[in-house]
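Okay, thanks for coming, everyone.

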Amino acid sequence: MDALVALVSGTPPSAFCQTFFLISAAAVLSLNLLPKDARGTVMDYGARRPDAAQKSDANGRQQTSLASILDQVTSYGQIPHSWFWHFYCLSTTLSAFWAWQYLEQGSVIASMVERQASMSQGPSVELGRVALAWAMMASQGSRRLFECFFVSKPGKTPMWFVHWALALLFYTAMSVAIWVEGCGAIRESWQSPRTAMLLTPGVLLTLAVFIATWLKQNECHRYLASLKKYTLPNEGMFKYIICPHYTCECVLYLAISFMAAPPGSIFNKTLLCGLAFVVVNLGATAFGTKQWYAEKFGIEGVVGKWRMIPGIF
């Protein structure tokens, strides 16, 4: 126990975030090793979650024992799929909270700054890059919250509360990850304020990619919302990719990770770990979505399309 306490007390906040992201990604990957019916019972939500009439396959065979057990377990704690807005409400709220903490030199961020700065051996992310990464994350959360209320159709289908809780933890960790590797620069700015130089070619290119992808993802969500129920998406990027809005999500987090890179690094390691979870989680959903589309609309409707990452997956 003493060794565990010593390990925890000697671990910087960035390592806690990285560990959470990677363990969560590994957990999602491990679920994909389950048999198809068991995997679907745990991972499918919304329209893809099978109802009672779909518990047996086309040959009339019943669920495996494992799938039956998991079906019983996941039948408890089902919550509305429409609660997705909770994720983005939390994200925007935490973005505002951390900005307020920085401006007021609040006790929460001060504690994180001192702990991270005293334990981390690497260079700190420049303050200007931290601010831009924060703005990017805040704009993404705000837009998604707006879309939940004014673009997307309210869903009445259920999802397991574990999906909901994991997403809340993810956005909480991401709100910390935006700031944590810039703690050295944050502490210096409190001691001697100075203007940061931001508009380098790399910064401008990253912002351009982020804004273009941000707008494209909004376009994808608006198109999906315009479809009649259970219509196969087949316009724009959907001609080539099953889930292009997931593709955009990955690019957005990649851009944020690049923006918040410390000197000498291409990416912010903590945010890159967050991206790893996003890729695994959305990749698993995209995999199931292609299967579901093929079963519902016919294989000819999805053949030749990438699930999420063109040329790779």
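Let's start at the second largest pocket, where α9 gives the most to the lining, with 3 residues. Bear in mind that this is a predicted model.

So who else is in there? The elements that put two or more residues into that lining are α2 (13-31), α6 (107-119) and α9 (183-191). In total 19 residues line the second largest pocket, and those nearest its centre are Gln116, Ser120, Gly122, Pro123 and Glu181. Its volume comes out at about 350 Å³.

Next up, helix α5. Buried residues in α5 include His86, Phe87, Tyr88, Trp98 and Tyr102. What do the buried ones pack against? That would be α6, α7 (127-150), β2 (158-160), α8 (161-180) and α9. Just after α5, glutamine 105 has a positive phi of about 50°.

Last bit, the annotation. An unreviewed UniProt entry lists residues 160-180, 195-215, 236-260 and 266-287 under "transmembrane region". In the model, residues 160-180 are 95% helix and 5% strand, with end C-alpha atoms 31 Å apart. For residues 236-260 the ends are 31 Å apart, with 64% helix and 0% strand.

Definitions and conventions
Residues numbered from 1 in each chain as written. Predicted model: local features only at pLDDT ≥ 70, side-chain atom pairs only at ≥ 80, totals over all residues. Heavy atoms only, no water. 1 Å grid on protein atoms, 1.4 Å probe; cavity = no way out; pocket = protein on both sides within 12 Å on 5 of 7 lines; lining within 4 Å. Points joined across faces, edges and corners; volume = space filled by probe spheres on them. Helix = DSSP H or I, 4+ residues; strand = E, 2+ residues; numbered from the N terminus. UniProt positions renumbered as here; feature names shortened; annotations may be inferred. Buried < 20%, exposed > 50% of the residue type's maximum accessible area, 1.4 Å probe, protein only. Contact = heavy atoms within 4.5 Å.
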